[in-house]
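Good morning, everyone. Please have the sequence and the 3D view open, and follow along.

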Amino acid sequence: RMRGPRILGAMSTSSRLVARGVRLLRGASAGVARAPLGSQGGSRRSCEDAGLQVLASGRAAAFSAVRPHMVAERWLAGASRWLAAPTTPPHGAVSVRLGASSVVGVRSMSAEAVAVEAAPAKEIYQMPKKVRKKMVTWDGARLSTDPTAPIVVRRRPTTPSQRHTAIIDKSFLWRGRPVKGLTQGMSKTGGRNNTGRITVFWRGGGNKHKYRLIDFKRVLFTHVGVRVGVVERVEYDPNRSAFIALLRHPVDEASLPAGHKKSIGDYLSYIVCPLGVKIGQELHASRTETVDVKPGNSMPLKFMPVGTVVHNIELWPGKGGQMCRSAGTSAQVLERNESKGYALLRLQSKEQRYVPLNSMATIGAVSNPNKKNEVLGKAGRNRWKGFRSRVRGVAMNPVDHPHGGGEGKKGTGGPPLTPWGKQTKGFKTVRKLNPLIDLPRWKAKRQSR
């Protein structure tokens, strides 16, 4: 709606031009029979071009009359983006039908317009960016646009539970469903084993989940060369604290061996999302070659420089990553012992452990590092995840727990025990130290005091 030229009394010519352009546009876009220009078949784009030319000229005339010190060609430059698309007639021709007559005129294009026409469609039709939400929360925390490292958003305390709630901001993650071929059904156990007895307490209920098949190996043990994957999107996984990334693998079908049965895993795969990867970034994985030391690339530890931060580490070659898969976790390569065939890693708990040099690891840390700062805020959110409230031993009966029974608040009546009668505080649980653990975490903790 052109309100600017309409309120100017002395600009009748400009107002008529603008009104005419608007009418032309409405008639051409609606495609009705009373449209002044032909709008059926292949001439619809021509009608829109002609209407846009008239509208742009009218707006330029009105703008230059109101503010002559500013350049009026801004309106024409904006309209040239729309007029740059190829028309139905030959290149550069505009066809306008007035009644029974038809006029074909050649559009004169400058070098800038030609450059705009040669640009991709994404660059030509750039819509204004809509801000989905404020970039600063109500308490002053700035939102992070990196989908691999979102912030913890605190909510306005409209209810008692909202006062302490701090949830990871998932607005920049993929909002659709996961890839169907990379998921499978997952049934709940309620904490029961195959005989129906409760073996894990405080489990039950919760929302339905589908298990996402994660590629912890990144490349098969028999694969030779580099496997390339392009990051398509970053998704939320309800089965783990870290995010997952969908990779698309370019496959040369002619190079596949004879009799190879194609599967969706040859073209798409889910991985534990590394921290700092971008959409469209290429990730390389190889067991036989050295790849760039960049977040998301994967190769054996024997090719890793000392001091590299890694995650998704294999304990045995070819078995798949088993260590450092939770949100924000990582390990650091301290040394490579070629004679023994092991690499020394320092884990998050300060424990130092030997891992075979042929084991694969992914460079960088795991995504979602602010998961540790999340506060659920209410008991119901834990129930959504399938966790029931814990019952204290002193609140049970004597048949259920060693702390149970008694009148009133009796207490434990001795050292704290488990439901099976073992001590819970100060009791040593490690019988024999793993020979691959160079520095256990309890000793590292004592040394750091």
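Let's start inside. The largest nonpolar core has 17 residues. A nonpolar core here is a set of buried Ala, Val, Leu, Ile, Met, Phe, Trp, Tyr and Cys residues joined through side-chain atoms within 4.5 Å. Buried means under 20% relative accessible area, exposed means over 50%, and partly exposed lies in between, with a 1.4 Å probe and protein chains only. Leu-301, Met-304, Val-310, Ile-313 and Leu-345 have the most contacts inside this core. Strands E15, E16 and E18 (360-363) each give two or more residues to it. Another core, of 13 residues, lies apart from it, and includes Ala-166 and Val-231.

A word on the source. This is a predicted model: local features need pLDDT of at least 70, side-chain atom pairs count only at pLDDT 80 or more, and totals for chains, interfaces and linings use all residues. Residues are numbered from 1 along each chain as its sequence is written, and side-chain values use heavy atoms, leaving out hydrogens and water.

Now the whole chain. It comes to 9 helices and 19 strands. These are DSSP runs, numbered from the N terminus: helices are H or I with at least four residues, strands are E with at least two. Of its 449 residues, 35% count as buried.

Back to the strands. Which way do E15 (residues 331-337) and E12 (residues 309-311) run? They run antiparallel, joined by 2 bridges. Two strands pair if DSSP finds at least two bridges between them. Val-310 has Ala-331 of E15 as its bridge partner. E15 also pairs with E16 (residues 342-346), antiparallel, over 5 bridges. There, Glu-335 is partnered by Leu-344. E15 and E16 form a hairpin with 4 residues between them. In that turn, Gly-341 has a positive phi of about 80°.

Next, the rings. The whole structure holds 3 aromatic pairs. Rings of Phe, Tyr and Trp (its six-membered ring) pair if their centres lie within 6.5 Å; planes under 30 degrees apart are stacked, over 60 edge-to-face, the rest tilted. Phe-201 and Trp-202 are tilted, at 5.3 Å centre to centre and 40° between the planes. Why is the pair of Tyr-342 and Tyr-354 called edge-to-face? Because their planes stand at 75°, with the ring centres 6.4 Å apart. Tyr-342 sits in E16 and Tyr-354 in E17 (residues 352-356), 12 residues apart. Tyr-342 is partly exposed at 24% relative accessible area, whereas Tyr-354 is buried at 17%.
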